[in-house]
Amino acid sequence: MSSINYAEKIPNNVNLTNDRTLQRALEHWQPAFRNWWHEMGPTDFEKADVYLRTAISVDAQGWAHYGNVKMPDYRWGIFLADPVADRRIGFGDQMGQPVWQQVPGEYRSTLRRLIVTQGDTEPASVEQQRMLGHTCPSMYDLRNLFQINVEEGRHLWAMVYLLHAYFGRDGREEAEELLERHSGDADKPRILTTFNEPMTDWLSLYCFTYFTDRDGKYQLKSFAESAFDPLSRTCRFMLTEEAHHMFVGETGISRVVKRTLELMKEHGTDDPEVVRRHGGVDLPTLQKYLNFWCSSSLDLFGSEISSNSASNFASGMKGRPDETTYEDHVLRGKTIQLATPEGEQEVPMLNALNEVMRESYLKDCEIGLKRWNRMIERAGHDLRLTLPSSRFRRSIGPWAGVPVDTHGRMIPRHEYEQRLEDWIPSERDRAHVLSLMQRVIEPGKMAGWIAPPERGINNLAVDYEYVHLH
Ligand SMILES: [Fe+2]
Ligand SMILES: [Fe+2]
């Protein structure tokens with residue numbers, strides 16, 4: 001186990017002191033990062049003491065320390081999972097050969113692009129969420145938001161380390177640009193559409209952490225398989241932190257469902273309007289938020305048919321999540337049937353890996369749906385929450401712009417446009433959800449639209465004062 005050196009300016013377990021040039025370059029980037037945090041991070045909470053976890057080792061048992069920290073003083077550092085002795089490439093045309101400790105010249109620009117695209121999402125989500133502190137439904141939730149924010153900041157550090165350490169001058173320039181693009185900026189937006197969507201309410205935050213952070217999980221899992229070993233080790237440790245982000249999403253939505261069912265019981269009705277009038281999120285509105293964020297996140301996997309996915313896999317740069325669970329790791333000569341608007345197409349498996357990933361992602365998404373539907377069923381209601389078809393509302397791939405309903409059926413365009421308001425949040429739905437966003441910060445108290453969590457953080461009580469506001 002390698003422990004983390006906290007005496008240094010940049011906590012790390014990569015022996016930064018032994019590489020003065022790299023250390024200086026990163027210490028030069030650090031004030032720019034802090035400045036970005038100050039300007040684009042959570043607004044108005046810089047003086048608050050927040051009960052946060054900080055990574056102190058990459059050991060599976062006890063990798064984190066919990067304590068009160070002011071966010072600008074958070075110790076963002078560089079932590080890689082321990083190396084695996086004699087690690088070999090696990091897939092693609094170079095399967096069985098030793099993994100790479102340096103970037104092979106022919107893959108340099110592609111690998112850099114993959115790392116920059118991943119890196120861009122991390123600060124983007126912090127920017128998207130920067131106003132949410134003002135409308136938190138509880139102090140517990142406020143703390144969780146900030147925990148996610150500082151860890152996304154650390155994930156940016158993780159990618160910037162790779163850029164600085166392995167991509168020379170180009171990498172340093174990319175690292176600077178990661179702080180210059182901003183979510184939703186008209187001139188310099190973030191790279192991926194989902195990370196430019198405005199986020200003005202906590203229901204969106206829970207959906208984002210459920211669906212979009214889960215896309216993150218799948219991207220990290222596929223990089224964890226990479227033949228480029230420093231990328232693999234970096235992503236393996238990031239996955240440890242990512243689990244909490246999805247936990248916030250899954251339990252957040254569970255708590256909304258729970259509270260809504262309570263309101264339905266209290267007022268003896270499943271009428272959405274009654275639920276709304278009593279300050280709840282009615283289930284049809286929740287369904288629309290699920291449709292919106294799920295379909296937006298599905299685009300992040302890329303086109304169903306992709307020559308990039310083929311070359312990234314064949315070269316060993318990016319594997320499938322949980323690569324060892326598959327039987328064939330080379331995939332030459334394999335094909336798959338894909339449904340496109342023009343009908344079934346036989347496609348080389350290598351070119352369909354984005355779709356393979358998207359399918360396993362959707363299976364993972366089903367887990368929460370089952371839990372929420374069990375709650376609804378036990379409460380005696382017929383409605384069931386569902387995931388939209390992966391063809392619905394796509395803007396990338398063969399289904400991009402094709403009018404399709406949430407079940408994946410092609411319908412006339414005018415019908416699609418008419419019914420879109422039934423499937424994703426309308427202005428009225430958004431206005432209602434926004435009207436519920438009133439800040440609650442008394443320890444242990446919850447906003448009326450969400451049930452309390454089952455337990456607190458790190459074995460503390462739910463009513464613990466997780467954030468000291470001064
Ligand atoms: Fe992240
Ligand atoms: Fe995350």
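On a 1 Å grid over the protein atoms alone, a pocket is an open set of points where a 1.4 Å probe fits, with protein on both sides within 12 Å along at least five of seven lines; its lining residues have an atom within 4 Å of a point. A volume is the space filled by probe spheres set on the points, which are joined across faces, edges and corners. This is a predicted model, in which local features need pLDDT of at least 70, while totals for linings use all residues. Residues are numbered from 1 along each chain as its sequence is written.

The largest pocket has a volume of about 940 Å³. Its lining counts 45 residues, and closest to the centre are Thr117, Leu192, Gln219, Leu300 and Lys318. Helices here are DSSP runs of H or I with at least four residues, numbered from the N terminus. H2 (108–128) gives the largest share of this lining, eight residues. By type, the lining has 12 nonpolar, 22 polar and 11 charged residues, where Asp, Glu, Lys and Arg count as charged, Ala, Val, Leu, Ile, Met, Phe, Trp, Tyr, Cys and Pro as nonpolar, and the others as polar.

Next comes the second largest pocket, at about 340 Å³. Of its 15 lining residues, Thr251, Ser254, Arg255, Arg371 and Glu454 lie closest to the centre. Helices H6 (229–266) and H10 each give two or more residues to this lining, with the largest share, six residues, from H6. Eight of the lining residues are charged, five nonpolar and two polar.

H10 (353–378) also supplies at least two residues to the lining of the largest pocket.

Technical notes
Chains are lettered from A and ligands numbered from 1 in the order in which they are written. This is a predicted model: local features need pLDDT of at least 70, side-chain atom pairs count only at pLDDT 80 or more; totals for chains, interfaces and linings use all residues. Side-chain values use heavy atoms; hydrogens and water are left out.
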